[in-house]
Amino acid sequence: MNKEDSKKKYGQNLRRLRQEKGMSQEELAKALGFKNRSSINKIEIGRSSIPTEKIQLTAQVLGVSPLELFDAEYEDDTLSQSEYAVQSDKIKTMIFNGDIQ
């Protein structure tokens, strides 16, 4: 997955999770310390990357694991523990390589 695809996928997941939580872009932006909703909108449409330092906070605000932000879930019927570890390593590599900023 290239950098642009990663940003789009993350944005789609962020939008879905935000909507499931019943939050507006404005509410999420405020909770994450952004000045306004346009930052969240840009991330959701794949024009901007989420700052690495905001990944954990985003997960906390939305009530999910950081991996779920990248569409990886660990549940008995979804990913096995070893598959979850592989997904986690992939995300760490993407961050290290600058695919996620």
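User: Which residue just after helix 1 takes a positive phi?

Analyst: This is a predicted model, and the backbone in question lies directly beyond helix 1. There the phi angle is positive, at about 75°, and the residue that takes it is G22.

User: How far apart are the end C-alpha atoms of helix 1, and what span should its residues give?

Analyst: Helix 1 covers residues 3–20, which is 18 residues, and at 1.5 Å a residue these should span 26 Å.

User: Which residues of helix 3 make the contact with helix 1, and how do the residues of the contact divide?

Analyst: From helix 1 the contact draws on K7, Y10, G11, Q12, L14, R15 and R18, and from helix 3 on I40, N41, I43 and E44. Taken by kind, the residues of this contact divide into 4 nonpolar, 3 polar and 4 charged.

User: Is R18 buried or exposed?

Analyst: R18 is found in helix 1, and, leaving aside its neighbours within four places in sequence, R18 is in contact with M23, S24, Q25, L28, I40, E44 and L62. Its relative accessibility is 7%, and since buried means under 20%, R18 counts as buried.

Methods: Residues numbered from 1 in each chain as written. Predicted model: local features only at pLDDT ≥ 70, side-chain atom pairs only at ≥ 80, totals over all residues. Heavy atoms only, no water. Helix = DSSP H or I, 4+ residues; strand = E, 2+ residues; numbered from the N terminus. Expected span 1.5 Å × (residues − 1). Contact = heavy atoms within 4.5 Å. Nonpolar A, V, L, I, M, F, W, Y, C, P; charged D, E, K, R; others polar. Buried < 20%, exposed > 50% of the residue type's maximum accessible area, 1.4 Å probe, protein only.
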